[in-house]
Amino acid sequence: GRYAEAAEQYRSKIESSPDDPNTLNDLGLALFYSGKADEAIETLVKAAIAHPGVQRLQLSCGYVLMGSGRSAEAKKYLEAALEIDPGNSVGAEAEKFLNLIKAQ
């Protein structure tokens, strides 16, 4: 529940590894959960574009966009996450979110 504090720690870690997709993913989620959706989206979209093969990053980007009311944009990233590996838990999560978007 201490997302703002976590975001600061991830920012510090990014200073030494600015292109680490896992840290960027964690930073984006921490920002989102601390109420900074716009900054989270900016972080995650840039990272998802830079790392198109990182499934969890694609999922997080889609999730945050969907959670911010931007389902049309989220679909692209969720479909990318599903396409990377539909058989694992991340792919299953992406499919679940895509089904929620379709149901809207």
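**First stop: helix H6**

Start by selecting Val90, Gly91, Ala94, Phe97, Leu98 and Ile101, the buried residues of H6 (buried is under 20% relative accessible area with a 1.4 Å probe, protein chains only, exposed is over 50%, and partly exposed lies in between; helices are DSSP runs of H or I with at least four residues, numbered from the N terminus). Look down the axis of H6: these buried residues fall within an arc of 125°, so they line one face of the helix, the arc being taken from the directions from the helix axis to the C-beta atoms.

This is a predicted model, where local features need pLDDT of at least 70 and side-chain atom pairs count only at pLDDT 80 or more, while totals for chains, interfaces and linings use all residues. Residues are numbered from 1 along each chain as its sequence is written, and side-chain values use heavy atoms, leaving out hydrogens and water.

Now show helix H4 (55-67) and helix H5 (71-84), which are among what covers the buried residues of H6 (contact means heavy atoms within 4.5 Å). At the start of H6, zoom in on asparagine 88: one of its side-chain oxygens comes to within 3.2 Å of the backbone nitrogen of valine 90.

**Next stop: aspartate 20**

Jump to the loop between helix H1 (3-16) and helix H2 (21-33), where aspartate 20 sits. Finish with a distance label: aspartate 20 and aspartate 85 are 21 Å apart, C-alpha to C-alpha, and 65 residues apart in sequence.

Terms used
Helix = DSSP H or I, 4+ residues; strand = E, 2+ residues; numbered from the N terminus. Polar contact = N/O pair within 3.5 Å; in protein donor to acceptor, adjacent residues only side chain to side chain.
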